[in-house]
Amino acid sequence: MIRVLLADDQTLVRGAFALLVDSADDMQAVGEAGTGDEAVTMTRDLHPDVVLMDIRMPGTDGIEATRQISAHDGSSGSKVLILTTFETDTNVLRGLRAGACGFLPKDTRPDALLDAIRTVAAGEALLSPGATRAVITRALSRPDAPAPERLASLTAREHEVFRLVAAGRSNQEIADELIVSPLTAKTHVARILAKLGVRDRVHLVIAAYEAGLA
């Protein structure tokens, strides 16, 4: 059972998300927070698997709350999925640097949101197409982006997996497409990260764009 904490300053929005989460057989809404401070406190008390976090809230905003949640040893197992109407490059980068594992707009389809919660709960990073573009645009303007020549060290299968990661596929989706186990897909992704010298799937997407693979 995936335990989800809902953080949003609008009561109706929280209630709608709670109904959606509780409608899934494998999820349970364990609490609702109306401010960033409440989200931090409730995360430390309840230890949810996923915190569905809004950005704009009174007092401590969602990004600062994400940073505090990610930095606190007692709640290090809680993953933050930011869900917001303000999907700007600044917000996306601030959220990722604060420790968020996912970033989605609030107009995401209900079934896609539930899948996103499952993906983040499983320890994978997840970005919407808009958030991915924002990260890529900002990252490509920096001189320290991953070097494309490192692609030469990848095997043919790793190139396949790399393209699928760049297309936004999860480990399960990669496994289904290549007819391998999810563990094998996860292993391929880990090896690609190591060979390219990047830290996460987001930076793999950036490297793919630099190399003309996405």
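Helix α8 passes helix α9 in a right-handed crossing, a crossing being right-handed if the near helix is turned clockwise from the far one by less than a right angle, and left-handed if anticlockwise. The contact of α8 with α9 comprises five nonpolar residues, two polar residues and one charged residue. In this classification, Ala, Val, Leu, Ile, Met, Phe, Trp, Tyr, Cys and Pro count as nonpolar, Asp, Glu, Lys and Arg as charged, and the others, Gly among them, as polar. The structure is a predicted model, in which local features need pLDDT of at least 70 and side-chain atom pairs count only at pLDDT 80 or more, whereas totals for chains, interfaces and linings use all residues. Residues are numbered from 1 along each chain as its sequence is written, and side-chain values use heavy atoms, with hydrogens and water left out.

The axes of α8 (residues 171–178) and α9 (residues 182–196) come within 8 Å and cross at roughly 110°. This angle makes α8 roughly perpendicular to α9. Axes are lines fitted to C-alpha atoms, for helices over the stretch in contact, and angles run from 0 to 180 degrees between N-to-C directions. Angles under 35 degrees count as roughly parallel, over 145 as roughly antiparallel, 65 to 115 as roughly perpendicular and the rest as oblique. On the α8 side, Asn 171, Gln 172, Ile 174 and Ala 175 take part in the contact, where they meet Pro 182, Ala 185, Lys 186 and Val 189 of α9; contact means heavy atoms within 4.5 Å.

Helix α8 also packs against helix α7 (residues 156–166), at an angle of about 130° and with the axes 10 Å apart. The two helices, α7 and α8, are therefore oblique to each other. Here too the crossing, of α7 past α8, is right-handed. From α7, the residues Arg 157, Glu 160, Val 161, Leu 164 and Val 165 meet Ile 174, Glu 177 and Leu 178 of α8. Five nonpolar and three charged residues form the contact of α7 with α8, with no polar residue.

The protein as a whole contains 10 helices and six strands, where helices (H or I, at least four residues) and strands (E, at least two) are DSSP runs numbered from the N terminus. Of the 214 residues, 45% are buried; buried means under 20% relative accessible area, exposed over 50% and partly exposed in between (1.4 Å probe, protein chains only). Among contacts between residues at least 6 apart in sequence, 65% join residues at least 24 apart.

The six strands form an open sheet with parallel pairing, in the order β2-β1-β3-β4-β5-β6. Its edge strands are β2 (27–33) and β6 (126–127), each of which pairs on one side only. Two strands pair if DSSP finds at least two bridges between them. Helix α2 (residues 36–46) lies across β1, β2 and β3 and runs at about 135° to β2. Helix α5 (residues 110–121) lies across β1, β2, β3, β4, β5 and β6, running at about 155° to β4.

Within the sheet, strand β4 (residues 79–84) has five of its six residues buried, so β4 is largely enclosed by the rest of the structure. Four bridges join β4 to the parallel strand β3 (residues 50–53), and Met 53 has Ile 82 of β4 as its bridge partner. Strand β5 (residues 102–105) likewise pairs with β4 in the parallel sense, over four bridges, with Leu 81 opposite Gly 102 of β5.

Strand β1 is also largely enclosed by the rest of the structure, since five of its six residues are buried. Six bridges connect β1 and β2 in the parallel sense, and Ala 7 is partnered by Ala 33 of β2. Arg 3 belongs to β1 and, at 27% relative accessibility, counts as partly exposed. Beyond four places in sequence, Arg 3 touches Gln 28, Val 30, Leu 46, His 47, Pro 48, Asp 49 and Val 50. The C-alpha atoms of Arg 3 and Gly 31 are separated by 9.1 Å, the two residues being 28 residues apart along the chain.

Asp 8 lies in the loop between β1 (2–7) and α1 (11–23). This residue, Asp 8, is buried, with a relative accessible area of 3%. Apart from neighbours within four places in sequence, Asp 8 is in contact with Val 13, Arg 14, Ala 33, Gly 34, Asp 54, Met 57 and Lys 106.
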